[in-house]
Amino acid sequence: MQLTGNTIFITGSTSGIGRGLAEAFHKLGNKVIIAGRRKALLDQVTAANPGMKGIDLDITDPISIQAAAERLVAENPTLNVLINNAGIMPFDDASGPIDDTQAQSIITTNLLGPFRMTSALIEHLKAQPRAVIHARRGRDVLRPRSCSSPAAGCECAGRSVPPPH
């Protein structure tokens, strides 16, 4: 992945690693769009980083994901990087029984969320000359199979993917 000249969308980017990534990419001159459920935190991060944009997103809600994807593509036609960073890990000790509702919440957030977000943006990303999809909480969520420039190749989960044959 080239570290400059990108339009980057990062889920779960109002704190922690996500915020750190957003601010680092922003300082390199990339256009960065952050996402999260809490508007106050989105406003705080974007205020601290002039030029960075924020978008409301509940990664557990397919309707919210689709709305965010439509808005992203409409407002950011050069979007070429998706970093699926949103996730939860509500317990520290899995050596005993785990509540099924809690387990389903983890799967919905950490697995289905990135699948759905990637799926909602995949056609747009395949049309970009330097598309990158990264999932912090998983491996190779979906692999773009074509790009606007067949010689360009794409990247997924931080690994180069050769151009399609």
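User: Why is isoleucine 107 called partly exposed?
Analyst: This is a predicted model. Isoleucine 107 has a relative accessibility of 46%. Buried means under 20% and exposed means over 50%. The value of 46% lies in between, so isoleucine 107 counts as partly exposed. Its place is in helix α4.

User: What makes the nonpolar surface patch of about 320 Å²?
Analyst: Ile107, Leu111, Leu112 and Phe115 make it. Patch residues need over 30% relative accessible area. Isoleucine 107, at 46%, passes that cut-off.

User: Why is glutamate 123 called exposed?
Analyst: Glutamate 123 has a relative accessible area of 53%. Exposed means over 50%, so the label holds.

User: How do you know that lysine 126 and glutamate 123 meet in a salt bridge?
Analyst: Their N to O distance is 3.2 Å. The definition asks for a Lys or Arg side-chain nitrogen within 4 Å of an Asp or Glu carboxyl oxygen, so this pair qualifies. The two are 3 residues apart in helix α4 (residues 100-126), which separates them by about one helical turn.

User: How many salt bridges does the structure hold?
Analyst: It holds 4. One of them joins aspartate 43 and lysine 39, with the closest N and O atoms 3.0 Å apart. That distance is within 4 Å, so the term applies. Aspartate 43 and lysine 39 are 4 residues apart in helix α2, about one helical turn.

User: What makes aspartate 43 and lysine 39 partly exposed?
Analyst: Aspartate 43 has a relative accessible area of 37%. For lysine 39 the value is 49%. Exposed needs over 50% and buried under 20%, so both are partly exposed.

User: Why do arginine 71 and glutamate 75 count as a salt bridge?
Analyst: The side chains meet at 3.2 Å, N to O. The cut-off is within 4 Å, so the pair counts. Arginine 71 and glutamate 75 are 4 residues apart in helix α3 (residues 62-75), about one helical turn. Arginine 71 is partly exposed, at 37% relative accessible area.

User: How do you know that the buried residues of α2 line one face of the helix?
Analyst: The buried residues of helix α2 (residues 39-48) are Leu42, Val45 and Thr46. Seen down the axis, they fall within an arc of 95°, so they line one face. On the other side of α2, Ala40 and Ala47 are exposed.

User: What covers the buried residues of α2?
Analyst: The cover includes α1 (16-27), β2 (31-36) and β3 (53-56).

Methods
Residues are numbered from 1 along each chain as its sequence is written. This is a predicted model: local features need pLDDT of at least 70, side-chain atom pairs count only at pLDDT 80 or more; totals for chains, interfaces and linings use all residues. Side-chain values use heavy atoms; hydrogens and water are left out. Buried means under 20% relative accessible area, exposed over 50%, partly exposed in between (1.4 Å probe, protein chains only). The arc is that of the directions from the helix axis to the C-beta atoms. Contact means heavy atoms within 4.5 Å. Patches are made of residues with over 30% relative accessible area and no salt bridge: like charges are joined within 9 Å, nonpolar side chains (Val, Leu, Ile, Met, Phe, Trp, Tyr) within 5 Å. Accessible areas come from the Shrake-Rupley method with a 1.4 Å probe; for residues, only the protein chains shown count as cover.
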